[in-house]
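This report concerns one protein chain. Please consult the sequence and the model shown here.

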Amino acid sequence: KIIKEKNIERKVIIQSFDRRTLQVLHINYPNIKTALLVEALDKNSFRKQLKDLGFSPSIYSPNDALVNPNLIKACHQKSIKIIPWTVNNVQKIFDLKAMGVDGIITDYPILVEK
């Protein structure tokens with residue numbers, strides 16, 4: 001309600017591990033961007049995760065350990081940005097950027113600038 005009242009829908013991204021939350025948002029507030037967070041322990045395939053979600057989120061945010069060139073390609077083929085979390089190692093940030101991720105979630109944003 002506050003997001004709509006403030007007219008900031010285009011500036012907000014709601015991210016969640018719980019696909020039910022994202023599904024409700026997608027149905028009731030389709031103009032708000034969503035990000036599906038994925039834990040390293042989730043062994044379902046990217047395709048299965050999207051099928052279970054029922055729509056393509058704006059952003060796919062897997063644990064950084066899950067990211068590989070094939071996953072990046074699969075996201076981009078579906079016009080989904082891939083932004084892994086939580087990357088706090090400079091070399092890992094460099095490697096992920098070189099692979100082609102669209103962004104990085106980190107506790108230390110200054111690391112991304114290096």
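The sections below treat the fold, the surface and the core.

## Basis of the model

The model is predicted; local features need pLDDT of at least 70, side-chain atom pairs count only at pLDDT 80 or more, and totals for chains, interfaces and linings use all residues. Residues are numbered from 1 along each chain as its sequence is written, and side-chain values use heavy atoms, leaving out hydrogens and water.

## Fold and dimensions

The protein chain contains 5 helices and 4 strands, which are DSSP runs numbered from the N terminus (helices: H or I, at least four residues; strands: E, at least two). Their order from the N terminus is α-β-α-β-α-β-α-β-α. The radius of gyration, 14 Å, is close to the 13 Å that the globule rule gives for 114 residues, so the chain is as compact as a globular protein of that length. This radius is taken over C-alpha atoms, and the rule is 2.2 Å times the number of residues to the power 0.38.

Along the principal axes, the C-alpha atoms fill a box of roughly 40 × 30 × 25 Å.

## Burial and core

Of the 114 residues, 35% are buried, that is, under 20% relative accessible area with a 1.4 Å probe, protein chains only.

The largest nonpolar core has 21 residues, of which Phe-46, Tyr-60, Cys-75, Ile-82 and Val-101 touch the most other members. Such a core is a set of buried Ala, Val, Leu, Ile, Met, Phe, Trp, Tyr and Cys residues joined through side-chain atoms within 4.5 Å. Elements that each supply at least two residues of this core include strand S2 (33-38) and helix H4 (69-77).

Beyond its neighbours within four places in sequence, Phe-46 is in contact with Tyr-60, Leu-71, Ala-74, Cys-75, Lys-78 and Ile-80 (contact: heavy atoms within 4.5 Å).

## Surface

The protein chain exposes about 7,500 Å², with 51% supplied by carbon and sulfur atoms; accessible areas come from the Shrake-Rupley method with a 1.4 Å probe.

Definitions and conventions. Buried < 20%, exposed > 50% of the residue type's maximum accessible area, 1.4 Å probe, protein only.
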